[in-house]
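The stops below are given as selections, each with a note on what to look for.

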Amino acid sequence: MARAATAARWRFSSSRTGCWRGHACAVSADAHADWTAQDWAREVLEGASAVTRAELLTGWSALGLRATDASDSVLGWEIRRASTQSVLLGRESRIGMPGELLFMLVPEGLLFATFVHHRTVATHPVWAAVQRTHVRTVLDLLDRAVRETATASLNAGNKEPSSHS
């Protein structure tokens, strides 16, 4: 039942039509009830260590994902749609496999979804080869962001997301 609800939300939230594949993860994000989805996107991606950010950028480039040069972006991801409750980030692709990242505030906390569009059949095995690493990386990023923001909130009363842009 929950899986069907998530899939329906994905179709509604993606900026494009066609054959998109992806997955979603949800985490409790109580530490900063006043944060927008974009604040969380910045914390998850830009709040990671310099080493992790470099690994992400290298991995995305290896997958053919092109960074945007727009001033209002999140770690090279174009902000395609944003509200206080959700932000949809996107990158075009050199190999026919563009991606989108959705950060959405839900009653359970923070939903993070990945959408991958396969414009050619050649991209299916590329995504299959990296999908397990992708899921593990997403879980690590979310865990770090939630853990560190909760600790910072308890220790210092800090309500501002990290600024690593």
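**Whole chain**

Keep in mind throughout that this is a predicted model. Colour the protein chain by secondary structure: there are 4 helices and 6 strands. Followed along the sequence, their order is α-β-α-α-β-β-β-β-β-α. If you switch to colouring by accessibility, 44% of the 165 residues of the chain count as buried.

**Helix α3**

Select residues 50-62, which make up helix α3. From the first C-alpha to the last, these 13 residues reach 18 Å, close to the 18 Å expected at 1.5 Å a residue. Now show side chains. Which residues of α3 are buried? They are R53, L56 and W60. Looking down the axis, you will find that these three cover an arc of only 60 degrees, which puts them on the same side of α3. An α-helix has 3.6 residues a turn, so residues three or four places apart point the same way. Turn the view around to the other side of α3, where A50, V51, E55, T58 and A62 are exposed. Before leaving, select G64, which follows α3 and has a positive phi, near 85 degrees.

**The β5-β6 hairpin**

Select residues 99-106 for strand β5 and show its partner β6; the two pair in the antiparallel sense over 8 bridges. They form a hairpin, with 2 residues between the strands. To find your place across the pair, pick F103, which stands opposite F112 in β6. Then select residues 109-117 by themselves, which is strand β6. How many of its 9 residues are buried? The count is 9 of the 9, so β6 is largely enclosed by the rest of the structure.

**The largest pocket**

Display pockets and pick the largest, which holds about 550 Å³ of space. Its lining consists of 28 residues. Those nearest its centre are L56, W60, T133, H134 and T137. The largest share, 9 residues, comes from α4.

**Two residues of helix α4**

Select T149, which is found in helix α4, residues 123-156. At 4% relative accessibility, T149 counts as buried. Show the polar atoms around its side chain: one of them lies 2.7 Å from the backbone oxygen of A145. The backbone oxygen of V146 is also to be checked here, at 3.2 Å from a polar atom of the T149 side chain.

Move to H124, which is in helix α4 as well. Is H124 buried or partly exposed? With a relative accessible area of 33%, H124 is partly exposed.

**A last stop at L75**

Select L75, in the loop between β2 (73-74) and β3 (77-82). Its phi is near 50 degrees, a positive value in a residue other than glycine. Most residues other than glycine have a negative phi. L75 counts as buried, at 14% relative accessibility.

How values were computed: Residues are numbered from 1 along each chain as its sequence is written. This is a predicted model: local features need pLDDT of at least 70, side-chain atom pairs count only at pLDDT 80 or more; totals for chains, interfaces and linings use all residues. Side-chain values use heavy atoms; hydrogens and water are left out. The expected span of a helix is 1.5 Å times one less than its number of residues. Buried means under 20% relative accessible area, exposed over 50%, partly exposed in between (1.4 Å probe, protein chains only). The arc is that of the directions from the helix axis to the C-beta atoms. A polar contact is a pair of N or O atoms within 3.5 Å; within protein, one must be able to donate a hydrogen and the other to accept it, and residues adjacent in sequence count only if both atoms are side-chain atoms. Two strands pair if DSSP finds at least two bridges between them. On a 1 Å grid over the protein atoms alone, a cavity is a set of points where a 1.4 Å probe fits but cannot get out, and a pocket is an open set with protein on both sides within 12 Å along at least five of seven lines; lining residues have an atom within 4 Å of a point. Grid points are joined across faces, edges and corners, and a volume is the space filled by probe spheres set on the points.
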